[in-house]
Each structure stands twice: as structure tokens, then as C-alpha cells.
Amino acid sequence: MAVSMSCKGCGKTLFTGREVIEPYYIRAKNNSRCPSCGRNLAKTPMSIQLDLLTIAH
Ligand SMILES: [Zn+2]
């Protein structure tokens, strides 16, 4: 299973991995800002997608 988190503002993928991690980790890693559009991630919700189809890869 793959997990991806993206900025709700611009759709930039901020994290892709195999395990769910805490959103605060993403914020800390990016200085609380989206590297693409500069939005404050503390105020901009991130979308989290679980891709069950990739389990076969
Ligand atoms: Zn963004």
C-alpha cells in the first residue's frame, strides 16, 4: 500500500511512502510551507491518499 500526501492548494505531492506518517512531520520537513506554492501547511489541509492498487508492485 502506498500513501501519498499532497497540498490542497496546488496539488503538489509532499510525501509518498509505504506507511502513514504524521502530518506534522511533513510540515516540519518543509518548514511549514508548501515548497511549490508557498502556502502555510498549518492552515492548508493536506489530502491523504491511500493507494491500495500498488500493493501488487
Ligand atoms: Zn501547494
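Student: Which residue is the bridge partner of Ser4 in β2?

Tutor: Happy to start there, with the reminder that this is a predicted model, in which local features need pLDDT of at least 70, side-chain atom pairs count only at pLDDT 80 or more, and totals for chains, interfaces and linings use all residues. Residues are numbered from 1 along each chain as its sequence is written. Strands β1 (residues 2–7) and β2 pair in the antiparallel sense over 4 bridges, where two strands pair if DSSP finds at least two bridges between them. The bridge partner of Ser4 in β2 is Thr16.

Student: What pattern does the protein chain follow along the sequence?

Tutor: Helices (H or I, at least four residues) and strands (E, at least two) are DSSP runs, numbered from the N terminus. The protein chain has 1 helix and 3 strands. Read along the sequence, the pattern is β-β-α-β.

Student: Which residue in the turn between β1 and β2 has a positive phi?

Tutor: β1 and β2 form a hairpin, with 5 residues between the two strands. In that turn, a positive phi of about 85° belongs to Gly11.

Student: In what order do the strands form the sheet?

Tutor: The sheet is open, and its 3 strands pair in the antiparallel sense, in the order β2-β1-β3. β2 and β3 (46–51) stand at the edges with a single partner strand each, so one side of each has no neighbour in the sheet. Neighbouring strands are turned against each other by 15° on average, direction ignored, with axes being lines fitted to C-alpha atoms (for helices over the stretch in contact) and angles running from 0 to 180 degrees between N-to-C directions. The order asked for is β2-β1-β3.

Student: Which residue in β3 stands opposite Met5?

Tutor: β1 and β3 run antiparallel and are joined by 6 bridges. Ser6 stands opposite Ser47 in β3. For Met5, the residue opposite in β3 is Ile48.

Student: Is Ala2 buried or partly exposed?

Tutor: Ala2 is found in strand β1. Because Ala2 has 15 C-beta neighbours inside 10 Å, the class is partly exposed.

Student: Leaving aside neighbours within four places in sequence, which residues is Pro35 in contact with?

Tutor: Pro35 sits in the loop between α1 (23–29) and β3, and with 13 other C-beta atoms within 10 Å this residue is partly exposed. The C-alpha atoms of Pro35 and Lys12 are separated by 8.3 Å, at 23 residues apart along the chain. Two residues are in contact if their C-beta atoms, placed from the backbone, lie within 7 Å. With neighbours within four places set aside, the contacts of Pro35 are Lys12 and Asn30.

Student: Which element has the highest mean pLDDT?

Tutor: pLDDT is the predictor's confidence in each residue, from 0 to 100. The protein chain has a mean of 83, and 89% of its residues reach 70 or more. Among its elements, β3 has the lowest mean pLDDT (80), while the highest (90) belongs to β2.

Note on methods:
Buried ≥ 20, exposed ≤ 12 C-beta atoms within 10 Å, placed from the backbone.
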